[in-house]
Amino acid sequence: MDKKLVIGILAHVDAGKTTLSESMLYQSGSIRKLGRVDKGDAFLDTYQLERERGITIFSKQAQLSIGDLKITLLDTPGHVDFSAEMERTLQVLDYAILVINGADGIQGHTETLWRLLERYQIPVFLFINKMDQAGTNKDKLIKELKKRLNENCVDFSSSDIDGFNESIAVCNEYVLEDFLENGTIETEQISKMIKRRELFPCYFGSALKIIGVDEFMQGIVEYSESVELSDTSTQQFGAKVYKISRDEQGNRLTYIKVTSGNIKVKDLLTGQNKQKDDRWEEKINQIRIYSGAKYETVNQADKGTICAITGLTQTYPGEGLGIEKDSDIPILEPVLTYQILLPEDCEVHSMLEKLRQLEEEEPLLHIIWNEKLGEIYAQLMGEVQIEVLKSLIWERFHVRVEFGVGNIVYKETIRQSVEGVGHFEPLRHYAEVHLLLEPAESGSGLHFFTNCSQDELDLNWQRLILTHLEEKEHCGVLTGSAITDMHITLIAGRAHQKHTEGGDFRQATYRAVRQGLKKAENVLLEPYYSYRLEIPADMVGRAMTDIQRMNGTFDSPMLDDDMAILKGSAPVVTMRDYQTEVISYTKGRGRLSCTLEGYKPCHNQEEVVKEVGYDSERDLDNPTGSVFCAHGAGFVVKWDEVENYMHLQSTLESKESVDEELIFPTAAARRASTYLEMTEEDQKELDAMVEASRRKREAARKSYAYRKDFSNEKISANSSTKSYSNKKKQKEYLLVDGYNIIFAWEELNELAQVNMDAARGCLQDVLCNYQGIKKCELILVFDAYKVEGFPGEIQKYHNIHVVYTKEAETADQYIEKVAHEIGRKYLVTVATSDGTEQVIIRGQGCHLLSAKELKEEVEFANKELRQYYSEETSLERNYLFQYLDKDTARQMEDVRLGINISGQKKKK
């Protein structure tokens with residue numbers, strides 16, 4: 001039965017990677033003529049620019065067969081400027097071939113490639129090339145491989161069988177035990193060790209002279225575990241997109257690896273369009289199997305096949321099709337941004353659309369349109385990529401562009417946890433989202449979780465919110481740079497049964513992120529290089545001084561004969577041009593190799609922030625505030641006031657901050673809270689609930705917060721992190737819309753026509769009596785929003801609280817906010833006949849009384865009181881001294897009987 005393998009070839013630039021591919025194709029009989037890179041006729045150098053420069057720019061594939069093993073060979077770019085193209089290819093490999101220049105040894109980019117292979121857990125065969133050159137030493141190279149890559153690198157071209165077996169056996173303790181017992185190692189054991197990355201076979205030779213290539217190819221056949229081509233018709237389809245390009249006719253090509261099942265021409269494929277938040281469905285027109293520049297069309301592609309598909313217009317690199325999941329964010333990314341300078345006669349908007357096509361093929365270009373300045377920017381890896389991009393734009397669009405000076409790509413993160421709130425409620429729309437933003441490990445990127453109960457927010461809305469978090473590059477508030485290294489957790493949310501649409505949660509989610517960032521302590525991050533500097537030993541002092549000047553760090557110098565080696569890290573912005581300086585002061589003897597280490601706190605944050613001059617409040621594309629609704633119209637609330645209007649309780653309230661402010665959200669209402677004294681028992685209960693909420697959040701985050709995997713649908717209904725999820729409603733609150741009641745009660749309405757103050761006083765007296773009967777906390781609210789400059793006022797009228805709202809705040813708004821806050825702990829009733837207000841209050845779980853019902857309640861309570869006293873007094877006769885205390889009653893009885901103080905009865 002035929003078997004398949006997908007093998008990628010990786011190397012530092014000029015290590016002979018394409019030459020090895022050429023030799024393998026020639027030796028397998030796939031090509032008849034052996035081409036050469038320096039002559040521009042290599043089989044896999046299909047682009048003119050590659051032939052001119054002698055480097056691989058785009059990944060290509062070739063088909064070759066060795067016996068019954070069919071290999072798809074993927075040749076990847078070796079230059080560091082095209083590392084992103086190489087990294088995307090890693091996602092579809094079964095094995096990798098790492099080519100090392102035997103004359104130069106392990107170079108900086110080689111170590112970067114090794115770390116990537118480790119991250120993606122790809123088994124590796126090593127080929128040490130150019131061993132025909134003078135000065136190469138196999139033993140020295142093996143020692144270097146073991147020291148700098150992995151100690152399990154083993155020379156498979158060794159003629160010492162016993163030493164060879166021993167070197168393999170020590171890589172695995174079980175294999176070692178078996179070897180000591182039997183004296184041999186089975187080929188199957190070696191294959192499994194290679195597959196598990198416990199063993200890394202090394203072969204030596206010369207690809208140009210085809211020395212050692214046959215042995216290397218036989219080693220791959222003998223020690224690899226391939227995919228068997230069995231019946232795939234019953235398997236579900238799955239594929240990974242790793243590349244987008246266009247052919248000479250401009251047809252869009254989607255390169256995929258089929259990971260499960262199969263696909264056929266005219267099949268319908270579906271996927272998620274993250275830009276438009278909907279799913280697409282498109283038909284496959286052609287399936288192409290490429291080998292070099294040529295291809296053949298097939299009707300079906302089975303599991304393990306690398307192919308190019310036409311007919312798909314919305315796919316993107318890293319996308320998973322069918323049952324396959326999307327890939328993680330690439331590690332290697334550009335750290336420089338350049339302005340693209342267009343010719344004067346070039347229309348900028350049409351050029352922007354054309355550049356978007358290139359961004360499809362190379363997503364890390366990250367084309368940025370600055371609408372205010374009318375300028376286009378691109379993120380790039382370096383100078384070589386700039387030259388290639390200029391040539392590509394001319395070849396594709398016949399426009400000659402130039403690039404400005406490169407600027408550093410900064411990022412932002414936060415220092416402490418913070419809750420962000422986003423609310424979007426223009427007329428007939430509704431969504432509120434609460435997000436917990438937490439700092440994460442450096443270099444971990446953004447991760448999205450959910451810790452919200454389905455009782456509070458349906459699972460489909462939760463999934464939508466997480467989709468919105470993933471679909472966009474969120475901007476920081478210091479410089480407008482992308483945020484990173486954070487865990488963002490959905491902790492609360494609310495939808496409206498009738499008015500909520502998908503786009504509402506997009507707006508609320510974006511605003512929640514921005515509002516949280518505005519509240520947080522933000523940190524600016526800049527890219528750092530990890531460097532290895534080789535210089536003459538007598539120049540170490542000069543190098544150390546330079547590195548300190550560049551705000552870099554270094555380890556203790558290592559001596560190697562008359563050369564010294566310095567290792568450490570330094571900001572990219574200070575070290576980017578240091579290579580030229582090293583060559584100058586060492587007179588060509590020094591060598592600097594830099595690899596991107598990652599992002600660290602910026603060494604001059606204040607200076608950079610001031611220079612950029614970004615104003616987060618004026619960034620209309622990324623608003624920090626929220627939109628609320630009152631009286632049928634939406635209004636914008638600034639980020640620092642959103643929490644005074646939000647409809648859900650904050651889940652990050654600390655124990656110290658949980659006080660009366662939870663009950664009264666506005667400044668005016670907080671002053672009223674001084675009249676509502678909380679008992680000691682209530683305070684203890686409140687403190688206990690806050691502490692329980694804190695423990696619950698910590699336990700919930702560890703137990704079932706999950707990353708990007710919503711298929712299990714096991715979000716616990718008990719997972720709510722809300723402080724008052726198990727409420728014991730002991731107190732009762734009655735909120736009364738004063739003017740609404742006055743104009744609804746006929747007698748008060750008539751009185752108001754004559755004297756409004758009298759009507760207010762009459763209502764206050766009625767409610768004071770009612771409160772004395774019901775023993776509830778009663779808050780009577782009157783509008784004062786039309787009084788210019790009025791700050792709001794709270795009065796204690798006998799046993800009730802009378803609130804006069806501040807300027808621009810209606811009684812409806814005040815009552816709604818108070819109801820949102822105290823409805824989670826107490827039994828809240830709102831008395832109003834305002835239809836709109838009733839709908840809003842009902843949505844908060846509060847009880848409602850219309851004006852008519854309140855009047856009936858008051859009359860019924862008065863009637864019950866009268867009836868109670870009537871029953872009490874009708875049981876016996878009402879005597880004169882019945883209600884006096886005993887001493888006074890006895891004294892009065894003595895007076896009635898005529899007994900004087902000395903106890904003697906008066907004489908008649």
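## A buried strand and its hairpin

Val418, Gly420, Gly422 and Phe424 point one way from strand 25, while Glu419, Val421 and His423 point the other way, and all of these residues are buried. In a regular strand, side chains alternate between the two faces of the sheet. Strand 25 spans residues 418-424 and is mostly covered, with seven of its seven residues buried. The model described here is a predicted one.

Strand 25 runs antiparallel to strand 26 (residues 431-439), and seven bridges join the two. Within this pairing, Gly422 stands opposite Val433 of strand 26. The two strands form a hairpin with six residues between them. In the turn of that hairpin, Arg428 has a positive phi of about 65°.

## Overall composition

The protein chain contains 26 helices and 42 strands. Of its 908 residues, 51% are buried. Among contacts in the protein chain with a separation of 6 or more, 71% are between residues 24 or more positions apart.

Six strands form an open sheet in the order 15-14-17-10-9-18, with antiparallel pairing. Strand 15 (294-298) and strand 18 (320-322) are the edge strands, each pairing on one side only. On average, and with direction ignored, neighbouring strands of this sheet are turned by 40° against each other.

Strands of a sheet pair through backbone hydrogen bonds, either parallel or antiparallel. In this sheet, strand 9 (residues 238-246) and strand 10 (residues 252-260) pair in the antiparallel sense over eight bridges. Val241 has Ile256 in strand 10 as its bridge partner.

## An enclosed helix

Helix 3 (residues 83-90) is largely enclosed by the rest of the structure, because eight of its eight residues are buried. The buried residues are Ser83, Ala84, Glu85, Met86, Glu87, Arg88, Thr89 and Leu90.

The elements that cover the buried residues of helix 3 include strand 1 (3-11), strand 3 (69-75) and strand 9. Helix 4 (108-119) and helix 10 (348-361) are also among the covering elements.

## The mixed sheet and its helices

A second open sheet is made of six strands in the order 39-40-38-37-41-42, and its pairing is mixed. Strand 39 (793-797) and strand 42 (847-849) stand at the edges with a single partner strand each, so one side of each is left without a neighbour in the sheet. Neighbouring strands of this sheet are turned by 20° against each other on average, direction ignored. Strand 37 (residues 732-737) and strand 38 (residues 777-782) run parallel and are joined by five bridges. Tyr733 stands opposite Glu777 in strand 38.

Helix 22 (residues 756-774) packs on the sheet and touches strand 37, strand 38, strand 39 and strand 40 (800-804). The direction of helix 22 makes about 165° with that of strand 38. Helix 23 (residues 811-822) also packs on the sheet, where it touches strand 37, strand 38, strand 40 and strand 41 (827-831). The direction of helix 23 makes about 165° with that of strand 37.

## Helix-helix packing

Two packed helices are described by the angle between their axes and the distance between the axes. Helix 12 (residues 459-471) and helix 13 (residues 502-519) pack at an angle of about 55°, with their axes 9 Å apart. Helix 12 and helix 13 are therefore oblique to each other, and their crossing is right-handed. On the helix 12 side, the contact involves Trp461, Leu464, Ile465, His468, Leu469 and Glu471. These meet Gly502, Phe505, Arg506, Thr509, Tyr510 and Val513 in helix 13. The contact residues of the pair comprise seven nonpolar, three polar and two charged.

Helix 1 (residues 17-28) and helix 9 (residues 213-223) pack at an angle of about 80°, with their axes 10 Å apart. Helix 1 is therefore roughly perpendicular to helix 9. Leu20, Ser23, Met24, Gln27 and Ser28 of helix 1 make the contact with Val213, Asp214, Phe216, Met217 and Ile220 of helix 9. Six of the residues in this contact are nonpolar, three are polar and one is charged.

Conventions. Residues are numbered from 1 along each chain as its sequence is written. This is a predicted model: local features need pLDDT of at least 70, side-chain atom pairs count only at pLDDT 80 or more; totals for chains, interfaces and linings use all residues. Side-chain values use heavy atoms; hydrogens and water are left out. Two strands pair if DSSP finds at least two bridges between them. Helices (H or I, at least four residues) and strands (E, at least two) are DSSP runs, numbered from the N terminus. Axes are lines fitted to C-alpha atoms, for helices over the stretch in contact, and angles run from 0 to 180 degrees between N-to-C directions. Angles under 35 degrees count as roughly parallel, over 145 as roughly antiparallel, 65 to 115 as roughly perpendicular and the rest as oblique. A crossing is left-handed if the near helix is turned anticlockwise from the far one by less than a right angle, and right-handed if clockwise. Contact means heavy atoms within 4.5 Å. Ala, Val, Leu, Ile, Met, Phe, Trp, Tyr, Cys and Pro count as nonpolar, Asp, Glu, Lys and Arg as charged, and the others, Gly among them, as polar. Buried means under 20% relative accessible area, exposed over 50%, partly exposed in between (1.4 Å probe, protein chains only).
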